[in-house]
Amino acid sequence: MNSLTRSKLSFMMFLEFFIWGSWFVTLGTFLGTNLGSSGTQIGAAFSTQSFGAIIAPFIIGLIADRYFNAERILGILHIIGGILMYFCYQSTSFEAFYPAVFLYMILFMPTLALVNSVSFRQMKNPEAEFASIRVWGTIGWIAAGLAISYLFKWDAADNLAAGQLKYTFLMASITSITLGFFSFTLPKTPPRADKNEKVRIADFLGLDALALLKDRNFAVFFVSSILICIPLAFYYQNANPFLAEIGVSDPTGKMTLGQISEALFLLLLPVFFKRFGFKVTILLGMIAWVLRYALFAIGDADGGLYLLIIGIALHGICYDFFFVSGQIYTDSKAGAKFQSAAQGLITLATYGIGMLIGFAVAGAITDMYLISEGNHAWSSIWMIPSGIALVVVIIFTIFFKNEKVAKIDA
């Protein structure tokens, strides 16, 4: 791959995740502060990610893989997405905001697969080349959070009260349109699938991989993956509003520690695989969920701030040790025949079904522990996902039998 192509792909990844990080982290805070939304409404807004994840395979399978170049579809989706983000920026009620963000996520979630497709098609050795390009996505997410807190200060207490978080959507809108037009300069990535080939819904959703559930270990992992997404949804939906409400300064900037941690532990993951094996590694990920929410429950903005910082920094272990490990485990169990189908199935289970349930539960629990306007019993709220994660740890420990995973141990 020449340096120009590498630079273009890296910039594409940077903008892709800068866009997402521009508004998604602060979404709950924006909805509660600017639009006066309830926990249930906030959960519904976050659930648009799950609907997007469920619908994305159809857009990719029916359009991108068969009829049009991936980079062109990427450009069109981001230009339309930028317009929808502008509608979100202008919204003054949840009723006006929700349709725009729903349509946006239906269009955005497929772009996550498209940027990967464009990248992989330019690589001769993806295993060696992809990580150095994908890391720019993590840098983009971090950059968005730092810009919100330290450059524009939109989440500072006074600016938050003045409703300035709405500018996160304007920033996402401008960046999305920029990436949209930039996408047309990316390397040509024509479809490979035969457009005359019969379309099977099972192929898009990975349903052919359901046969893997006959394996007891994979079935336990599959159920655990769905259940652990309930605590994950609590983090996405409530972490930023929680930090802002209890008076933590620059909450969005501090939350970028989670992405820094994610990048670090991704590098350490092979070491843990080799030393401890798959079961222990994935258990460490789940235990980290239990611990992080317990720290959120007892921490505060003053003497207990360090507990909150540790909880945020645990994101790397929480995400990498469970979800990335799970993707590797799924790949090793599927074999060549069902590799793509199995990854599609686990994505549908986690970001689709699991997160959909999780956001609904998180929204209902948040409303249940509302003490007064803008004041929640956060200690009680955080102990619930901690308890759910503990149950998943127990289930996985008892029912998952340790096994050697060839692709991990190699």
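The model is predicted, so local features need pLDDT of at least 70 and side-chain atom pairs count only at pLDDT 80 or more, while totals for chains, interfaces and linings use all residues. Residues are numbered from 1 along each chain as its sequence is written, and side-chain values use heavy atoms, leaving out hydrogens and water. Helices are DSSP runs (H or I, at least four residues), numbered from the N terminus.

**α1 and α8**
- The axes (lines fitted to C-alpha atoms over the stretch in contact, with angles from 0 to 180 degrees between N-to-C directions) of α1 (residues 3–23) and α8 (residues 167–183) come within 8 Å and cross at roughly 155°.
- That makes α1 roughly antiparallel to α8, a term for angles over 145 degrees.
- In the contact (heavy atoms within 4.5 Å), residues of α1 including Phe11, Leu15 and Trp23 meet residues of α8, among them Phe169, Leu179 and Phe182.

**α1 and α4**
- The axes of α1 and α4 (residues 70–90) come within 13 Å and cross at roughly 25°.
- That makes α1 roughly parallel to α4, the term for angles under 35 degrees.
- Met12, Glu16, Ile19 and Trp23 in α1 meet Leu74, His78 and Met85 in α4.

**The bend in α11**
- Although α11 (residues 251–298) has 48 residues, its end C-alpha atoms are only 17 Å apart, short of the 70 Å that a straight helix would reach at 1.5 Å a residue, where the expected span is 1.5 Å times one less than the number of residues.
- At Gly277, α11 bends by about 115°, the angle between axes fitted to the seven residues ending there and the seven starting there.

Methods. Helix = DSSP H or I, 4+ residues; strand = E, 2+ residues; numbered from the N terminus. Parallel < 35°, antiparallel > 145°, perpendicular 65-115°, else oblique.
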